[in-house]
Structure formats: structure tokens, C-alpha cells
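Subject: Structure handover

Hello,

Here is the structure we talked about, with my notes on it below. Please read them with the model open.

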Amino acid sequence: MGLYVETSIRAGMDELWERSQDPAQHQRWDLRFTSIGYLPRAEGEPQRFRYATRVLPFLSVDGTGVSAGERHRDDGTRVSALRFASEHPLSLLAEGSGYWRYVPGPDGIRFLTGYDYRPRWGRFGALADRLVFRPLMGWATAWSFDRLRLWCERGTPPGLALARAIGESVLRALLCAAALVYAPPAVALLVLAAALLLPPLPGTPAARRCLRTPPGRTPASAPRLLSTLEPS
């Protein structure tokens with residue numbers, strides 16, 4: 001899988017499962033989606049869904065997907081897998097697949113994801129994906145995982161977490177601007193370094209709190225469940 005994100009969340013397994021698998025709750029914390037909704041299905045079939053992401057105030061990019069989950073496994077873990085695709089002409093993402101794993105441990109639940117996708121638009125799309133879109137997707141996934149962690153561990157609603165992140169970013173930007181205008185160069189340099197390097201406050205989501213490569217640098221393997229899903 002091309003992208004990997006992992007965090008540890010001190011919460012009950014059922015709570016974490018519901019907040020990540022229920023579309024109404026999932027769309028509240030995941031920065032990558034504006035809306036997620038299940039589509040009708042027959043009994044025994046994998047669950048199909050439709051998603052949308054607002055890229056501009058009056059423009060959304062949508063797509064469809066199919067998912068399945070294993071909630072009861074012998075080793076106490078849980079896993080879900082999905083395939084997704086978008087036919088929207090403005091979507092750089094053409095199709096892809098991924099998984100989520102839930103691994104209980106002494107310090108909380110290891111909540112991790114691995115996913116990859118195929119970009120469209122030929123060479124231009126491949127270059128834009130490598131330089132801009134893929135790093136942005138990795139950051140958004142990690143930031144969203146930390147927002148979910150704050151919701152589960154501290155009870156911080158996702159909307160409040162976003163407001164805190166925006167407020168803290170604005171405050172840092174104002175401090176930098178004031179330092180550049182009014183402070184001596186040496187002081188201004190220290191303020192800029194602090195604004196860029198100091199971690200966000202504990203109650204503010206931060207992508208840097210998540211792992212971005214598998215522990216031990218070993219490639220993460222997709223679950224067998226993924227092979228049972230047909231393309232969306």
C-alpha cells in the first residue's frame with residue numbers, strides 16, 4: 001500500500017468501530033470527506049457507499065465504493081477493507097483500495113490504515129500526485145486520525161477540534177507577522193522557528209502524532225478480506 005498511517009487510541013473497541021464505520025460519524029472527523037452515505041444492498045452483499053469531498057465552496061468531487069468488515073476474529077482484532085473509484089472529471093483519484101485494522105493492546109487500540117490508488121490525467125496527474133496530492137492525502141489522513149483520537153479519549157467533538165486547529169494556526173501566523181514587523185531580526189527568527197517547530201497544543205489535532213511508516217519498516221500487508229471485494 002502506498003500510504004500508511006497509525007495511531008494508538010485509548011477507547012473501547014466498540015466505540016472506535018462505530019465512530020469509524022458508521023458513515024454519519026465517520027464524516028464528522030475525516031478531513032478527506034464531506035459526506036459519506038450507504039447505498040441500498042441485498043442481504044449478504046458487501047456494503048456499497050457514495051462519498052463526496054468539497055474542494056471549493058460550490059464544487060464537490062464524488063465517487064463510489066464497496067466495503068466489508070470482520071468484527072469478530074479469533075485474535076481479538078478487527079479489520080475492514082474497501083475499494084473505491086471516482087468518475088468525476090475533476091477527480092485526480094481514479095480508483096484505489098485500502099484497509100483499516102483495529103489491534104487491541106495494553107496502551108490502547110492500534111488503529112491503522114494502508115491504502116493506495118491510481119491517479120488519472122497521465123504524466124501530469126502522476127507528477128501532481130507525487131508532488132502535491134499524495135503528501136496532502138497522507139497528512140489529511142494522519143490529522144484526521146488524531147482528531148478521532150481526541151474525540152474518543154477526551155470527548156472533544158470533531159467540530160471543536162477543527163476550530164481549535166484553525167484558531168491556533170491563525171494565532172501563530174499573527175505572532176509571526178507581528179515579530180517580522182516589530183521585533184529585531186534575531187527575535188523574529190526565533191518566533192518563526194517556534195511557530196513552525198513547536199507541536200500544537202495537546203487538545204489540537206496534529207498529524208505529527210501519528211506514525212507514517214509501518215513499525216520496523218516492514219511493508220504492511222493488506223488483509224485477505226480485500227481480495228473478496230469487486231471493484232466499485
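Which residue in E6 is the bridge partner of Ser80? In this predicted model, Ser80 has Trp100 as its partner in E6. Trp100 is in turn bridged to Thr113 in E7. Ala81 has its bridge partner in E6 as well, namely Tyr99.

The sheet

These pairs belong to an open sheet of seven strands, which are ordered E1-E7-E6-E5-E4-E3-E2 and paired antiparallel. The edges are taken by strand E1 (3-9) and strand E2 (35-38); each has a single partner strand, so one side of each has no neighbour in the sheet. On average, neighbouring strands of the sheet are turned by 20 degrees against each other, direction ignored.

Pair by pair, this is what I have:

- Strand E5 (residues 78-85) and strand E6 (residues 93-105) are antiparallel and share eight bridges.
- E6 and E7 are antiparallel over 12 bridges, and they form a hairpin with two residues between them.
- E2 and strand E3 (residues 47-56) run antiparallel and are joined by four bridges; here Tyr38 has Phe49 of E3 as its bridge partner.
- E3 and E4 pair antiparallel over nine bridges. They too make a hairpin, with two residues between them, and Leu56 stands opposite Leu59 in E4.

Asp14 lies in helix H1. With a relative accessible area of 44%, Asp14 is partly exposed. Not counting residues up to four places away in sequence, Asp14 touches Arg71 and Arg78. Between the C-alpha atoms of Asp14 and Val132 there are 35 Å, and the two residues are 118 residues apart along the chain.

Nonpolar cores

The largest nonpolar core has 19 residues, and the members that touch the most others are Leu16, Trp29, Tyr102, Phe111, Phe145 and Leu148. At least two residues of this core come from each of E1, H1, E6, E7 and H3. H3 gives the most, with six residues.

What does Leu16 contact, leaving aside its neighbours within four places in sequence? The contacts of Leu16 are Ile9, Tyr102, Ile109, Phe111, Leu148 and Cys152. There is also a second, separate core of nine residues, with Tyr51, Phe84, Leu93 and Tyr117 among them.

The segment after H5

Thr204 is in the segment after helix H5 (185-197), and Pro205 has its place in the segment after H5 too. Is Thr204 buried or exposed? The relative accessible area of Thr204 is 6%, so Thr204 is buried, the cut-off being under 20%. Pro205 is buried as well, with a relative accessible area of 3%.

Leaving aside neighbours within four places in sequence, Thr204 is in contact with Asp146, Leu150, Arg164, Ala165, Glu168 and Arg209. On the same terms, Pro205 is in contact with Trp143, Asp146, Arg147, Leu150, Ala161, Ala165 and Pro200. The C-alpha atoms of Pro205 and Tyr182 are separated by 30 Å, with the residues 23 apart along the chain.

The largest pocket

The largest pocket holds about 940 Å³ of space. Its lining consists of 37 residues, and Arg32, Phe33, Tyr51, Thr53 and Met137 are the ones nearest the centre of the pocket. H3 provides the largest share of that lining, six residues. One of the residues nearest the centre, Tyr51, is also included in the second core.

Regards

Notes:
Residues are numbered from 1 along each chain as its sequence is written. This is a predicted model: local features need pLDDT of at least 70, side-chain atom pairs count only at pLDDT 80 or more; totals for chains, interfaces and linings use all residues. Side-chain values use heavy atoms; hydrogens and water are left out. Two strands pair if DSSP finds at least two bridges between them. Axes are lines fitted to C-alpha atoms, for helices over the stretch in contact, and angles run from 0 to 180 degrees between N-to-C directions. A nonpolar core is a set of buried Ala, Val, Leu, Ile, Met, Phe, Trp, Tyr and Cys residues joined through side-chain atoms within 4.5 Å. Buried means under 20% relative accessible area, exposed over 50%, partly exposed in between (1.4 Å probe, protein chains only). Contact means heavy atoms within 4.5 Å. On a 1 Å grid over the protein atoms alone, a cavity is a set of points where a 1.4 Å probe fits but cannot get out, and a pocket is an open set with protein on both sides within 12 Å along at least five of seven lines; lining residues have an atom within 4 Å of a point. Grid points are joined across faces, edges and corners, and a volume is the space filled by probe spheres set on the points.
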